[in-house]
Amino acid sequence: MTDLNSRHGINPPHSEVINACQQIQPCDALDMGCSNGRNALYLSQSGFNVTAVDHNPNAIQMLHSIIAQEGISNIDPRVYDINQAGLDADYGFISCTVTLMFLNPERVQAVLADMQDHTLPGGYNLIVCAMDTAAHPCPVSFPFTLHEGQLGTLYQGWDMIKYNEDLGTMHHGAQLQFATMLARKPA
């Protein structure tokens with residue numbers, strides 16, 4: 001697989017997206033909070049048809065530029081405010097890595113419910129989100145963080161393929177606790 005990310009000077013795909021692709025057959029996928037396309041490009045090269053959404057028009061424009069340069073036909077980048085919780089299509093895989101913590105805290109539950117509603121039966125949701133816990137207070141003042149067990153509770157009834165609440169490091173070196181979940185919607 002060509003490393004489009006490094007060729008275009010963007011971060012590599014999230015490790016959890018790479019791991020999820022080992023288990024999920026290519027399908028229609030949604031990259032929520034795609035930024036300039038680090039995960040969308042990987043999913044595209046892995047055979048997924050990707051809708052890539054972000055509220056930042058500059059990031060979407062950069063992704064459009066990469067798609068044009070590379071002749072990519074299976075990524076559809078769109079400017080979209082995730083806080084709206086107004087998805088208009090169904091997907092076999094929805095990836096939402098390090099995105100929830102930048103949303104309006106009052107909208108996160110609606111966003112997650114919308115993701116669940118727009119996941120096809122047997123489809124997957126991947127979420128990685130910062131946490132703020134007594135043992136590991138979040139050192140970054142994100143608008144939203146998860147509490148212990150909160151994400152798992154919101155996905156009750158789904159098959160947990162992977163779930164942990166481990167310490168991790170962000171790109172810029174900040175160490176914090178993350179909830180990481182890959183869940184499959186019952187068929």
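Buried here means under 20% relative accessible area, exposed over 50%, and partly exposed in between (1.4 Å probe, protein chains only). This is a predicted model, where local features need pLDDT of at least 70, side-chain atom pairs count only at pLDDT 80 or more, and totals for chains, interfaces and linings use all residues. Residues are numbered from 1 along each chain as its sequence is written, and side-chain values use heavy atoms, with hydrogens and water left out.

**Cysteines**

- Searching the whole structure turns up 0 disulfides, a disulfide being a pair of cysteine sulfur atoms within 2.5 Å.
- Cys 34 is in no disulfide, and its nearest cysteine sulfur, in Cys 96, sits 11 Å away.
- Cys 34 has 3% relative accessibility, so it counts as buried.
- Cys 129 has its closest cysteine sulfur in Cys 96 as well, at 7.8 Å, which is too far for a bond.
- Cys 129 is at 0% relative accessibility, so it counts as buried.

**Aromatic pairs**

- There are 3 aromatic pairs, going by Phe, Tyr and Trp (six-membered) ring centres within 6.5 Å, with planes under 30 degrees apart called stacked, over 60 edge-to-face and the rest tilted.
- Phe 48 and Phe 93 make a tilted pair, because their ring centres are 5.9 Å apart and their planes meet at 50°.
- Phe 48 is in the loop between helix 3 (38-45) and strand 2 (49-54), while Phe 93 is in strand 4 (residues 91-97), so this pair ties together parts 45 residues apart in sequence; helices (H or I, at least four residues) and strands (E, at least two) are DSSP runs numbered from the N terminus.
- Both Phe 48 and Phe 93 are buried.
- Phe 102 and Phe 142 pair edge-to-face, at 5.3 Å centre to centre and 85° between the planes.
- Phe 142 counts as buried, at 13% relative accessibility.
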